[in-house]
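Subject: A structure for you to explore

Hi there,

Here is the structure I promised to pass on. Have a look at it first, and then read my notes below.

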Amino acid sequence: MGGHVLAIGAKAMMTRDGLQALIEALLSRGYRLIGPRLGEGAIVYDDIGGIADLPAGWTDRQEAGSYRLERRADAAFFGYAVGPQSWKRFLHPPVERLWQARREGDELAILPIEIETPKFAFLGVRGCELRAIQIQDRVFTGGSQVDVAYGARRRGNFIVAVNCGTAGGTCFCVSMASGPKAKGGFDLALTELIEGGAHEFLVEIGSATGADLFAGIPQRTASGDDIAAAEAVVARTAREMGRTLDNTGIKELLQGNPNHPRWDTVASRCLTCANCTMVCPTCFCTTVEDGSDLAGATAARVRKWDSCFTLDFSFVHGGPVRSEPRARYRQWMTHKLANWIDQFGKSGCVGCGRCITWCPVGIDITEEVAAIRANARTAGTPEKGGA
Amino acid sequence: MAPARRPRLAVWKFASCDGCQLSLLDCEDDILALAEVVEIASFPEASSAMSKGPYDISLVEGSVTTPHDAMRIKKVRRQSRHLVTIGACATAGGIQALRNFADVDDFIAAVYATSRYIKTLATSTPISAHVPVDYELHGCPIDKTQLIEVISAFLAGRKPAIPNQSVCIECKQRGTVCVMVARGTPCLGPVTHAGCGAICPSFRRGCYGCFGPMARPNTTALAREWRLLGASETDIQRVYRTFNAATEPFKTESEAHGD
């Protein structure tokens with residue numbers, strides 16, 4: 001019982017008390033533990049001190065433009081889909097100071113910035129969210145210019161993934177091949193098993209750090225039946241996806257249809273409010289704001305989340321490049337699903353469904369793709385682009 | 001070397017409730033810092049010691065509702081190097097622009113025993129309808145942090161860092177769960193100019209648009225969604241007709257709804 005370090009890929013069983021022990025072990029190692037809890041009418045990601053903080057017995061009912069909390073028949077801790085905001089807000093915070101300076105006589109003194117790099121442990125990261133974190137790793141640390149603060153936060157990051165036991169109404173991770181099972185990028189992965197009176201977790205070891213931590217947690221050997229039960233949970237979730245997205249030739253489809261009439265249809269509904277980009281776990285765009293104080297003694301540059309839906313985003317001398325809403329929606333969707341492949345080698349969409357749920361008017365990216373596909377120009381006959 | 005002359009600041013009131021001027025007085029520590037870097041040359045709400053122009057920065061509160069004020073704003077403009085409007089009245093005409101949708105003589109007849117001494121205009125209009133304006137601050141009232149930012153920016157000769165995007169972005173930055181999606185509460189956030197820090201949704205209320213329209217809002221699409229959430233046509237007309245009633249596209253959208 002404990003002490004034995006399992007190999008990466010090994011599986012074991014843990015009880016509810018084991019989950020409490022896991023949380024305590026993470027906290028005692030100095031992690032700031034973020035996980036699911038009830039807040040503001042939703043299951044949000046926030047600081048967790050023990051299993052009592054988890055949303056036991058709650059689920060979320062998600063549809064296009066609608067999210068409601070509901071009671072479950074059981075006491076599952078992870079019996080919901082995904083929260084309103086992703087882990088992005090911890091790894092890539094909405095507001096971050098880049099540099100500051102102070103006037104000293106006729107000189108400008110650049111002051112050091114303390115990079116905030118809390119040692120985060122995340123509890124309850126889903127397959128789609130792991131993929132999203134991997135995508136942002138590529139964006140922020142995979143190129144020639146590395147985001148130092150992001151990299152530092154990721155290096156100390158401990159991830160407890162959860163294989164989904166519940167599909168949300170707007171989920172389509174199966175279409176994007178990112179879930180519902182966590183496929184790497186985690187330290188530990190849990191599958192919650194509730195059957196009869198038992199409430200246990202199948203734990204899969206994902207890293208040496210995970211193996212080391214889990215060695216101190218009460219556990220038992222996983223049987224063939226336990227492993228089969230966990231696989232059945234994931235298989236059932238995969239069958240219950242709320243949405244599907246046909247990715248066949250999607251790069252050519254979207255890049256080849258910049259003047260499709262559907263862009264006008266969606267623009268008539270689109271609020272250009274930017275909610276979809278804010279909740280998207282892979283959208284990474286930012287703006288910088290320069291500020292100075294009243295006395296002109298100090299100045300600072302602050303980086304903030306930005307969105308391709310704002311007019312300021314594409315504002316250059318003379319005006320915004322993408323002044324029409326159709327151009328802004330097209331930019332977002334075409335970048336996410338098509339140009340992202342050119343830029344980073346794979347799709348920027350992970351199928352979490354947040355952009356569908358949290359759009360105040362319920363615009364559905366899967367429905368938009370289907371509508372363009374239904375009446376598309378044939379791939380290979382490029383048409384002239386336009387705003 | 002003689003110390004540089006401090007820029008001179010003036011604060012003016014037109015048709016308004018004084019709340020935006022109070023936001024300046026409410027700046028606490030910052031107002032001491034402000035008094036060190038500018039000469040507060042004329043601010044009748046704060047001090048009876050008023051000195052004559054010209055002024056480097058004029059902050060103008062209130063809308064133009066009388067022939068006298070229509071003349072007075074021109075004098076203010078002539079004496080001011082930079083003119084910044086503060087708040088929904090000066091920037092958009094204010095709540096008093098509801099008169100623009102009715103006959104002002106009916107109001108006069110309802111309120112006063114005689115109209116003999118009343119000289120008023122048929123409409124309430126923003127300052128920009130009368131004179132060129134260098135910068136417009138939104139809000140009813142304005143946000144004091146934005147006010148300090150605008151003054152700091154003008155003193156430094158830089159552009160104020162005041163985005164014209166939706167309130168939704170502020171909700172997401174602060175981590176507020178969307179009241180419209182998670183509670184079905186009608187909210188004007190998706191069409192409203194950011195700047196307040198998304199106060200109302202953080203108290204689980206819908207935004208009521210006191211900062212006025214953001215850049216190119218889709219007021220029609222949001223109105224459709226409000227109907228689905230149970231708002232009546234009258235509700236929609238009224239919500240687009242508050243402190244920014246005279247501003248497009250809130251004005252036109254309000255005219256498309258009603259009884």
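Seven cavities of 30 Å³ or more turn up. A cavity here is a set of points, on a 1 Å grid over the protein atoms alone, where a 1.4 Å probe fits but cannot get out, while a pocket is an open set with protein on both sides within 12 Å along at least five of seven lines; a lining residue has an atom within 4 Å of a point. Grid points are joined across faces, edges and corners, and a volume is the space filled by probe spheres set on the points.

Before going on, please keep in mind that this is a predicted model: local features need pLDDT of at least 70, side-chain atom pairs count only at pLDDT 80 or more, and totals for chains, interfaces and linings use all residues. Residues are numbered from 1 along each chain as its sequence is written, chains are lettered from A and ligands numbered from 1 in the order in which they are written, and side-chain values use heavy atoms, with hydrogens and water left out.

The largest cavity has a volume of about 140 Å³. Its lining has 17 residues, and those nearest the centre are Cys270(A), Cys276(A), Tyr329(A), Cys359(A) and Ile363(A). Helix 10 and helix 11 (325-344) of chain A are the elements that give two or more residues to this lining. Helices (H or I, at least four residues) and strands (E, at least two) are DSSP runs, numbered from the N terminus. By type, the lining holds 14 nonpolar residues, two polar and one charged. Nonpolar covers Ala, Val, Leu, Ile, Met, Phe, Trp, Tyr, Cys and Pro, charged covers Asp, Glu, Lys and Arg, and the others, Gly among them, are polar.

Now compare the second largest pocket, with a volume of about 450 Å³. Of its 20 lining residues, Pro93(A), Glu96(A), Glu116(A), Ala149(A) and Arg153(A) are the closest to its centre. Strand 6 of chain A gives the most to this lining, with four residues. The lining has eleven nonpolar residues, nine charged and no polar ones.

What about the packed interior? In the largest nonpolar core, which has 95 residues, Leu19(A), Phe78(A), Leu190(A), Tyr329(A), Trp332(A) and Met333(A) touch the most other members. Such a core is a set of buried Ala, Val, Leu, Ile, Met, Phe, Trp, Tyr and Cys residues joined through side-chain atoms within 4.5 Å. Buried means under 20% relative accessible area, exposed over 50%, and partly exposed in between (1.4 Å probe, protein chains only). Helix 3 of chain A is mostly covered too, with twelve of its 15 residues buried.

Finally, some backbone details. Cis peptide bonds join Gly179(A) to Pro180(A), with omega about 5°, and Cys140(B) to Pro141(B), with omega about 0°. Pro141(B) sits in the loop between strand 5 (135-137) and helix 6 (144-156) of chain B.

Enjoy exploring!
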